[in-house]
Amino acid sequence: MQNNASEHFLDEGLITEIIRPIKSGKEASVHLCRANPKTTGERLAALKMFHPLDRRDFRDDALYRDGEWIKERRIRVALEKKTKFGREVQGGIWVSREWETLKALSNAGAPVPRPIERTDDAILMTYIGDEDDAAPQLRSYRPDPDEAEHLFAQLVKAIELMLFHNVVHGDLSAYNVLVWDGQITVIDLPQAVDPRKNQHALAFLERDVGRICEHFARHGVSSSPHALAGDLWTSWTFADLVPEELRGLIDHR
């Protein structure tokens, strides 16, 4: 399979083959690729290709764009009126936001795929899994009680680390967390928000935490979503006052 989205990565010698599709969603499809280790440092990579604009199921992203300032009035108006040009701008913002968020979080050591290269409508990133099987989504993974506790703790730590680097996922659920070799990876971040700018960030955080707690409750992990989200938010709010060595030591349970 080849199209304009994949040709760039083939031409640049980043990948040598698209092996098979892994996942197809409303806004993008993800494909397993054979990567060039010399240019990417990887043997396998995941290529996320965003669908053409007329196929994308754009959500109303006004809440996610809250606090963002676009200088050019023509672009602001186009986004507000949802014109064809506005949809093109929105599509570009969606890809750019995921790319920048992945870069920042990967550099911070968060459990997210490492971004390798991008175009206007695709992102090449590290792949989670092996050539035979992609890492399963958390929703379809069946851990034993001890592993469920361990995965929950990892995910809470990931949410905290993301928050301390000014990122709230905004759409976190068991659908966009992968599990492989006992480790979680958070994916799908185009809607991520900056809690310093977005007035809805706390509500997004509470929803993210609530969904994760609800999922793990079905596997016997007890928690208090409201208290957990509140503790995370308070810790982030006063992060500058907390010594580095004491961060992350909140009792989340």
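**Reading the loops, helices and contacts**

Analyst: Asn166 lies in the loop between α5 and β6, where helices (H or I, at least four residues) and strands (E, at least two) are DSSP runs, numbered from the N terminus. Asn166 has a positive phi of about 65°, although this residue is not a glycine. This is a predicted model, in which local features need pLDDT of at least 70 and side-chain atom pairs count only at pLDDT 80 or more, while totals for chains, interfaces and linings use all residues. Residues are numbered from 1 along each chain as its sequence is written, and side-chain values use heavy atoms, with hydrogens and water left out.

User: Which elements does the chain contain, and in what order do they run from the N terminus?

Analyst: The chain has seven helices and seven strands, and from the N terminus on they follow the order α-β-β-α-β-α-α-β-β-α-β-β-α-α. Contact means heavy atoms within 4.5 Å; of the contacts in the chain with a separation of 6 or more, 64% are between residues 24 or more positions apart.

User: How should I read burial, and what percentage of the 253 residues is buried?

Analyst: Buried means under 20% relative accessible area, exposed over 50%, and partly exposed in between (1.4 Å probe, protein chains only). By that criterion, buried residues make up 47% of the 253 residues in the chain. For individual cases, Ser173, in the loop between α5 and β6 (177-180), counts as buried at 13% relative accessibility, and Ser173 touches Arg211 and Ile212 when residues up to four places away in sequence are not counted. Asp181, in the loop between β6 and β7 (183-186), counts as exposed at 69% relative accessibility, and Asp181 has a positive phi of about 50° although it is not a glycine.

User: How do I judge the span of a helix, and how far does α6 reach from its first C-alpha to its last?

Analyst: The expected span of a helix is 1.5 Å times one less than its number of residues. Helix α6 (residues 201-217) has 17 residues and reaches 24 Å from its first C-alpha to its last, close to the expected 24 Å. For α7, with 13 residues, the reach is 18 Å, close to the 18 Å expected.

User: Which residues of α6 are buried, and why do they line one face of the helix?

Analyst: An α-helix has 3.6 residues a turn, so residues three or four places apart point the same way. In α6 the buried residues are Ala201, Phe204, Leu205, Asp208, Val209, Ile212, Cys213, His215 and Phe216. Seen down the axis of α6, these buried residues fall within an arc of 160° (the arc of the directions from the helix axis to the C-beta atoms), so they line one face of the helix. They pack against α5 (145-164) and α7 (225-237).

User: What is the angle between α5 and α6, and which residues make the contact?

Analyst: Axes are lines fitted to C-alpha atoms, for helices over the stretch in contact, and angles run from 0 to 180 degrees between N-to-C directions. Angles under 35 degrees count as roughly parallel, over 145 as roughly antiparallel, 65 to 115 as roughly perpendicular and the rest as oblique. Here α5 and α6 pack at an angle of about 175°, with their axes 11 Å apart, and the two helices are therefore roughly antiparallel to each other. On the α5 side the contact is made by Ala148, Leu151, Phe152, Leu155, Ile159 and Leu163, and on the α6 side by Leu205, Val209, Ile212, Cys213 and Phe216. These residues divide into eleven nonpolar, no polar and no charged, where Ala, Val, Leu, Ile, Met, Phe, Trp, Tyr, Cys and Pro count as nonpolar, Asp, Glu, Lys and Arg as charged, and the others, Gly among them, as polar.

User: Which residues of α7 are buried, and what covers them?

Analyst: In α7, the buried residues are Leu228, Ala229, Leu232, Trp233, Ser235 and Trp236. They cover an arc of only 160° around the axis, which puts them on the same side of α7. What covers them includes α5 and α6.

User: Where does Leu105 lie, and which residues does Leu105 touch?

Analyst: Leu105 lies in helix α4 (residues 84-107) and counts as buried at 0% relative accessibility. Not counting residues up to four places away in sequence, Leu105 touches Ala110, Val112, Met162, His165, Val167 and Leu189. The C-alpha atoms of Leu105 and Leu161, 56 residues apart along the chain, are separated by 8.5 Å.
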